[in-house]
Amino acid sequence: MDEILSVRGVGVNFGALRAVRDVSFEAQRGKITAVIGPNGAGKSSLFNLISGAIAPSTGQVFFEGSEVTGNSPDKMLRAGLSRSFQITNLFFELPVYENLRLAAQYLEQGRGWLRPVASSAQAEQRVRELIRQFTLHDKVNELAGYLSHGEQRRLEIAVSLASRPRMLLLDEPTQGMSHADTRETETLIRNLATEHGLSILLVEHDVDLVMNLSDHVVVMHQGQKLAEGTPEQVRANPQVQAAYFGEHQEKASC
Ligand SMILES: Nc1ncnc2c1ncn2[C@@H]1O[C@H](COP(=O)(O)OP(=O)(O)OP(=O)(O)O)[C@@H](O)[C@H]1O
Ligand SMILES: [Mg+2]
């Protein structure tokens, strides 16, 4: 086993609300680890604690063996951990190409953040790779704001890969997507891990997606870790069934 991320006893309070309490788990390199749980379980808060958007009140986060607890998202990105948000975070008024170029410019930061992008060979090459990988050839000149919801979510994944991270954090990447877009995104995420060796931490509400895709599943409930294991182990856990799948099935049958 080769762990890339280790989360040890992290917690955060929002006033009196203990949104995340003493959560620990590990994510393995090149694998897909998922965090699932009902609405309000603390998934996005946990995601923000790991990505550096908020500092934990308790606990530690280690990435590739180094402690990164409370590091800013920018510092995390430099360390090789990138994130894609639950809410789309693109420049809607810019073309697809510019969204990718701005993100890829990160690769050139060490040699001058304010360099004109046109002169940045590394960034240009990365944009070309992403256009190919995400089959965006027909869309490069379209404004990001005019893409369909599914296309925007996928572009956001492409943007978060521009800096060549070793780990990608995704918060509900299929939220609001059609069934077809969800299946396409599922294939895309699987390929990122299996073909490109990327380590993925996926925060997701869609149980079926998680069960199809994940190597390891962490179940959150009311801010705490309820269980973890393979998709099969988690699905068979009576506590998880009561707290999550029971609710999911009830909702599904409504
Ligand atoms: N910045 C904040 N300030 C105060 N309370 C917050 C903040 N962020 C989240 N919360 C609260 O913390 C709890 C956990 O929220 P969180 O967004 O982490 O859940 P989630 O599992 O991601 O839910 P969802 O499935 O709806 O995305 C909720 O009760 C939420 O209202
Ligand atoms: Mg959330």
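This is a predicted model: local features need pLDDT of at least 70, side-chain atom pairs count only at pLDDT 80 or more; totals for chains, interfaces and linings use all residues.
Entry: backbone pairs. A polar backbone atom of G40 lies 2.8 Å from an oxygen atom of ligand 1. For A41, I read 3.1 Å between a polar backbone atom and an oxygen atom of ligand 1. I also looked up the areas: ligand 1 exposes 640 Å² when taken alone, and the protein buries 59% of that.

Entry: the shell. I found 14 residues surrounding ligand 1. N39, G40, K43, S44 and S45 are the closest. Sorted by class, the shell holds 5 nonpolar, 7 polar and 2 charged residues. I checked which elements supply it: β2 (17-28) and α1 (43-51) each give at least two residues. The largest share, 3 residues, comes from α1.

Entry: S199. Next I looked up a single residue. Where does S199 sit? I place S199 in strand β8, which covers residues 199-204. Is S199 buried or exposed? Its relative accessibility is 1%, and the cut-off for buried is under 20%, so I log S199 as buried. I then listed its contacts, leaving aside neighbours within four places in sequence. S199 is in contact with I4, with Q28, R29, G30 and K31, and with R166, M167 and L168.

Notes: Residues are numbered from 1 along each chain as its sequence is written. Chains are lettered from A and ligands numbered from 1 in the order in which they are written. Side-chain values use heavy atoms; hydrogens and water are left out. A residue is near a molecule or strand if one of its heavy atoms lies within 4 Å of it. A polar contact is a pair of N or O atoms within 3.5 Å; within protein, one must be able to donate a hydrogen and the other to accept it, and residues adjacent in sequence count only if both atoms are side-chain atoms. Accessible areas come from the Shrake-Rupley method with a 1.4 Å probe; for residues, only the protein chains shown count as cover. Helices (H or I, at least four residues) and strands (E, at least two) are DSSP runs, numbered from the N terminus. Ala, Val, Leu, Ile, Met, Phe, Trp, Tyr, Cys and Pro count as nonpolar, Asp, Glu, Lys and Arg as charged, and the others, Gly among them, as polar. Buried means under 20% relative accessible area, exposed over 50%, partly exposed in between (1.4 Å probe, protein chains only). Contact means heavy atoms within 4.5 Å.
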